[in-house]
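Some labels given to parts of a protein model rest on a number and a cut-off. Please go through a few of them and show how each label is reached.

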Amino acid sequence: MPVVHRFDPPERFVAGTVGEPGQRTFFLQAREGARMVSVSLEKQQVEALAERIDELLDEIMRAASDDLLIPAIAPRDLADSQPLEQPIEEEFRAGTMTLSWDGADERVVIEVFPFTEAAVVSPEQLQEDLEDLLEPEPEEIFLVRITAAAARSFVERSRTVIGAGRPDCPFCGEPIDPAGHLCVRANGFRRRDP
């Protein structure tokens, strides 16, 4: 039976980083009272989660009846620009994430499962029996249930956190370090942040 780190709802649920741009570690962090859980993940996972939450809320908003209120943008009173809470003790590294809508409680449900090597499937393994590909039951689950308004705020903050990294080169799209970078589209000339 897995350990479930359940926050329904959390007092605070945010994406944040530790470290300098180019060397940042991304975290999801939830707090309820004195209980706090931090899960590390990749920048792309934060970006995908925020994008999917936004899409889910837009879809629900279009299909919703008049009695269901889904905000189109993040409410200002829920804006959170504070850093991650300390101490940051990584519970686990995120692997698979699921996202759903609980219509009965009007909550966005986010489940994060630990990264496991079993989740990585090689082309050779695809030819094997499906029974061999089944993932074992996870040891831990990070479960967060938040309102639509809190979800929009999570999306807005996540986009701000992602955008606070190194700027992208306008020519090749790769990140530009403070010292510049060798742009493949500039025939080996070093480009610098404008």
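Predicted model: local features only at pLDDT ≥ 70, side-chain atom pairs only at ≥ 80, totals over all residues.

Q: What makes up the chain, in helices and strands?
A: The chain has 4 helices and 9 strands. From the N terminus on, their order is β-β-β-β-α-β-β-α-α-β-α-β-β. Of the 194 residues, 34% count as buried.

Q: Why is Ser38 called buried?
A: Buried means under 20% relative accessible area. Ser38 has 2%, so Ser38 is buried. Ser38 is found in strand E4, residues 35-41.

Q: What does Ser38 touch, leaving out residues up to four places away in sequence?
A: Ser38 touches Phe27, Leu28, Gln29, Ile88, Glu89, Glu90, Glu91 and Phe92.

Q: What makes the pairing of the Ser38 and Gln29 side chains a polar contact?
A: A polar contact needs a pair of N or O atoms within 3.5 Å, one able to donate a hydrogen and the other to accept it. The side chains of Ser38 and Gln29 make such a contact at 3.0 Å.

Q: Why is Glu156 called partly exposed?
A: Partly exposed is the class between buried, under 20%, and exposed, over 50%. Glu156 has a relative accessible area of 43%, so Glu156 is partly exposed. Glu156 lies in helix H4, and its C-alpha atom is separated by 8.1 Å from that of Ala50, 106 residues apart along the chain.

Q: Which residues of H4 are buried, and what covers them?
A: The buried residues of H4 are Ala148, Ala151, Arg152, Ser153, Phe154, Val155, Arg157, Ser158, Val161 and Ile162. Their cover includes helix H1 and strands E2, E3, E5, E6 and E7.

Q: How do H1 and H4 pack?
A: Helix H1 (residues 43-63) and helix H4 (residues 148-163) pack at an angle of about 145 degrees, with axes 9 Å apart. Their crossing is left-handed. On the H1 side the contact includes Val46, Ala50 and Leu57, and on the H4 side Ala151, Phe154 and Ile162. By class, this contact has 11 nonpolar, 1 polar and 7 charged residues.

Key:
Residues numbered from 1 in each chain as written. Heavy atoms only, no water. Axes fitted to C-alpha atoms, helices over the stretch in contact; angles between N-to-C directions. Helix = DSSP H or I, 4+ residues; strand = E, 2+ residues; numbered from the N terminus. Left-handed = near helix turned anticlockwise from the far one by under 90°. Contact = heavy atoms within 4.5 Å. Nonpolar A, V, L, I, M, F, W, Y, C, P; charged D, E, K, R; others polar. Buried < 20%, exposed > 50% of the residue type's maximum accessible area, 1.4 Å probe, protein only.
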